[in-house]
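Let's take a walk through this model together, with an eye on what surrounds its ligands. Have the sequence and the 3D view at hand as you read.

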Amino acid sequence: MADKMSSLRLAKKELRKSVRQTISSLSEESIKSQSRVVTSMILSLPEYQKAGSLGVYLSMPRGEISTGAIVKDALQLGKRVFVPYIYGKAVPREPEAPRSMMDMVSLHSLEDYETLAPDSWGIPTPSEPSLGGRNSCLNGAGYNDCDGKTKEEGNIELIIMPGMAFDKALGRLGHGKGYYDIFLRQFHEKSAPDGSRHHLPFLIGLALQEQMLPNDQRVPMDPTDWPVDALAVGDGSLVRR
Ligand SMILES: Nc1nc2c(c(=O)[nH]1)N(C=O)[C@@H](CNc1ccc(C(=O)N[C@@H](CCC(=O)O)C(=O)O)cc1)CN2
Ligand SMILES: Nc1ncnc2c1ncn2[C@@H]1O[C@H](COP(=O)(O)OP(=O)(O)OP(=O)(O)O)[C@@H](O)[C@H]1O
């Protein structure tokens with residue numbers, strides 16, 4: 001079992017490394033044009049059109065499909081928009097204590113979105129003092145540096161997810177921190193104690209063409225990994241369940 005786990009971990013690490021290398025040589029123009037293609041696919045998806053509330057990642061300056069136009073569209077349409085927030089980064093901890101975790105917090109407006117400052121990865125992120133005026137999905141999962149700051153609010157219907165690599169069977173590989181996997185588990189436990197997937201939001205991954213594995217290859221997946229329900233790819237293809 002231990003061997004199996006570590007070989008899986010190694011396989012994920014290798015795959016991240018090779019995809020990272022491929023996308024590091026992509027031109028800004030290619031990322032921009034792939035992002036335009038993916039944006040128009042998302043805006044015409046029924047699951048997006050009918051969602052009153054959604055969670056969406058705010059893209060890094062490089063190496064990902066950019067989500068700016070989706071965020072703006074959603075805010076303009078009056079949808080409730082939630083974005084990732086990482087809690088617990090600065091909390092001093094024991095080696096075995098829980099590490100940082102992700103929640104999703106609400107944006108108020110276009111202006112709010114446009115004035116977010118980038119974090120150390122270049123990801124636009126709500127400031128800590130602004131959390132008190134925001135709603136969240138999990139109330140920071142009870143994390144001590146946020147407890148009571150955000151107000152927990154109902155459901156999100158759709159989550160637009162980043163990833164390092166994806167496959168045609170809707171497998172997804174993240175950056176290796178488990179942020180999304182753990183967030184989804186917590187969300188699932190909260191909304192569906194009976195174990196059904198019924199109450200989970202619809203999960204859509206956004207992929208640059210170069211993040212899609214060839215047809216016959218699969219992302220190494222373990223039981224804590226969540227496949228997505230649909231994948232919008234920069235070459236204009238949509239893969240869905
Ligand atoms: N735009 C965006 N927002 C996001 C994520 C993401 O992948 N993309 N996340 C998804 O979890 C969470 C943040 N997690 C992240 C974890 C690692 C790295 C990162 O770049 N890590 C390495 C680089 C190695 C690598 O590419 O894996 C580093 O720190 O240098 C970025 C975001 C929440 N918000
Ligand atoms: N549901 C979970 N509960 C506890 N730990 C988890 C869970 N899911 C993942 N982890 C842990 O998180 C770490 C990273 O996992 P993994 O490599 O699958 O992340 P990833 O899929 O790349 O990241 P992400 O979920 O952020 O996209 C691993 O150490 C894993 O054991």
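Predicted model: local features only at pLDDT ≥ 70, side-chain atom pairs only at ≥ 80, totals over all residues.

Now zoom in on the polar contacts of ligand 2. One of its oxygen atoms is 2.9 Å from a polar backbone atom of aspartate 181. Aspartate 225 places a polar side-chain atom 2.9 Å from an oxygen atom of ligand 2. A nitrogen atom of ligand 2 lies 3.3 Å from an N or O atom in the side chain of threonine 224. On its own, ligand 2 would expose 640 Å², and the protein buries 79% of that. Ligand 2 sits in the largest pocket.

Next, turn to ligand 1. The space it takes is the largest pocket, and 15 residues surround it, with Arg20, Leu58, Glu64, Trp121 and His175 the closest. Here the shell divides into ten nonpolar, two polar and three charged residues.

Which backbone comes within 2.7 Å of a nitrogen atom of ligand 1? That is leucine 58, through a polar backbone atom. Arginine 20 has a polar side-chain atom 3.0 Å from an oxygen atom of ligand 1, and histidine 175 has one 2.9 Å from an oxygen atom of this ligand. The protein covers 80% of the 660 Å² of accessible area that ligand 1 has on its own.

Definitions and conventions. Residues numbered from 1 in each chain as written. Chains lettered and ligands numbered in written order. Heavy atoms only, no water. Near = heavy atom within 4 Å. Polar contact = N/O pair within 3.5 Å; in protein donor to acceptor, adjacent residues only side chain to side chain. Areas by Shrake-Rupley, 256 points an atom, 1.4 Å probe, with all protein chains shown as cover. 1 Å grid on protein atoms, 1.4 Å probe; cavity = no way out; pocket = protein on both sides within 12 Å on 5 of 7 lines; lining within 4 Å. Sits in = over half its atoms within 2 Å of the grid points. Nonpolar A, V, L, I, M, F, W, Y, C, P; charged D, E, K, R; others polar.
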